[in-house]
Amino acid sequence: MFKTRSTQARWYTYASPGDADVLEEHSGTLPPPLEGHATVEVITSGINHMEVFLRNGKEQTWADDGWPRGSGSDFAGIVVARPPGESRFPVGSEVIGHVRTGAHATHLTVPVSALVPKPRNMSWEVAGGLYLAGATALDTLDELRIGRDDIVVVSAAAGGVGSIEVQLAKHWGARVIGTCGDRNFDYLRQLGIIPVRYGDGMVERIRQVAQGQVTAFIDNFGKDGKDIADALGVPDSRYRSSADRREVELRLLREDPDSMLHGTTQLQRLAQLAQDGAFRLLISGLYPLSDIVDAYQDMARLHSRGKIVLATRPVTTYRTLRARDVHEAMA
Ligand SMILES: NC(=O)c1ccc[n+]([C@@H]2O[C@H](COP(=O)([O-])OP(=O)(O)OC[C@H]3O[C@@H](n4cnc5c(N)ncnc54)[C@H](OP(=O)(O)O)[C@@H]3O)[C@@H](O)[C@H]2O)c1
């Protein structure tokens, strides 16, 4: 029996460029999904810096989009409607998905080609934050062909993208050095990553722990990365800048069929890698969807560990203290 009913939904949009407080909640009815689409009840949805750049105008790709504009690219949820004749993802399927924008919602309608099954052993928190950070990490490591002969340095190694990159690079046999603040030494060490504090003297500190020639450098943070990579003797071909990362992220958001297929393929690989235990994504901030502004303000402080994720059905809206906040308060 196919479900083709309309769905009541809430979603966030913004009608002018700006900070997160331009986001406004709306509610309405989603029409039944058309051929090749499904309506998903969102359980969790990640937030990303690229959404901020698109919203505040720093990123001009899609600057010609009409207003108001949606927000959010990563989501995990349950299929609640699909059209007659669609055989993939029956109603009730637990899925992870990606969309250029519009994931910050209780429900959304997407092409089924943008969905993959959520592994049963993956939490909703992790599934909802997986797409853009994870696929960016995977694309970057694929391009560099990171493997067992590598000694790789990753900047902002405790962040959303960096924490996935370092774990996958290690999984594929590389010796991995991650730059971070003091607060994240234990986190990286327990992942098997060699932590190095960023800031003055970093080149020397990296040399001290590298035990050989550094062969690749991934700069997530986007400050003085090229100088450091040059000082370490990393060839240009094995250096990835923040500008390179921008290109990777934009490709992962494009909606042409090849880009969509690529995004879904990478999402499927990520789900499998997570299921295999190749990496564990830490969620260090889980906010109710209605606290979306607070969630973006948390991310803007640039010290989140792993990912920050929104939840449409949090068990409680009570805010528990986070380990990273305890450290900040004592520092
Ligand atoms: N080029 C682009 O298009 C593009 C796109 C997206 C993001 N970015 C930038 O890439 C960075 C990381 O992205 P993300 O998504 O992983 O962000 P995230 O999850 O917010 O990560 C922030 C990380 O940045 C680290 N950090 C803070 N100050 C630093 C410094 N001075 N040097 C090195 N690392 C520092 C923090 O480490 P500690 O907590 O250990 O200090 C934290 O782990 C962000 O700064 C973001 O703005 C660039």
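Q: Which residues are closest to the ligand, and how many surround the ligand?

A: In this predicted model, 27 residues surround the ligand, and the closest of them are G159, G160, C180, G181 and R246. By residue class, the shell around the ligand divides into ten nonpolar, 13 polar and four charged residues.

Q: Which helices and strands each supply at least two residues of that shell?

A: These are α1 (49-56), α4 (160-171), β10 (175-180) and α8 (242-253), and α8 gives the most, with four residues.

Q: Why does the ligand lie between domain 1 and domain 2?

A: Residues of the shell come both from domain 1 (7-130 + 281-311) and from domain 2 (144-247), and therefore the ligand lies between these two domains.

Q: What describes two packed helices?

A: Two packed helices are described by the angle between their axes together with the distance between those axes. Here, the axes of α3 (residues 131-144) and α4 come within 8 Å and cross at roughly 45°.

Q: Which residues of α3 and α4 meet?

A: On the α3 side they are A133, G134, T136, A137, L138, T140 and L141, and these meet G160, V161, I164, E165, L168 and A169 in α4. The residues of this contact divide into eight nonpolar, four polar and one charged. G160 in α4 takes part in this contact and is also one of the residues closest to the ligand.

Methods:
Residues numbered from 1 in each chain as written. Predicted model: local features only at pLDDT ≥ 70, side-chain atom pairs only at ≥ 80, totals over all residues. Near = placed C-beta within 6 Å. Nonpolar A, V, L, I, M, F, W, Y, C, P; charged D, E, K, R; others polar. Domains from an automatic or database assignment. Axes fitted to C-alpha atoms, helices over the stretch in contact; angles between N-to-C directions. Contact = placed C-beta atoms within 7 Å.
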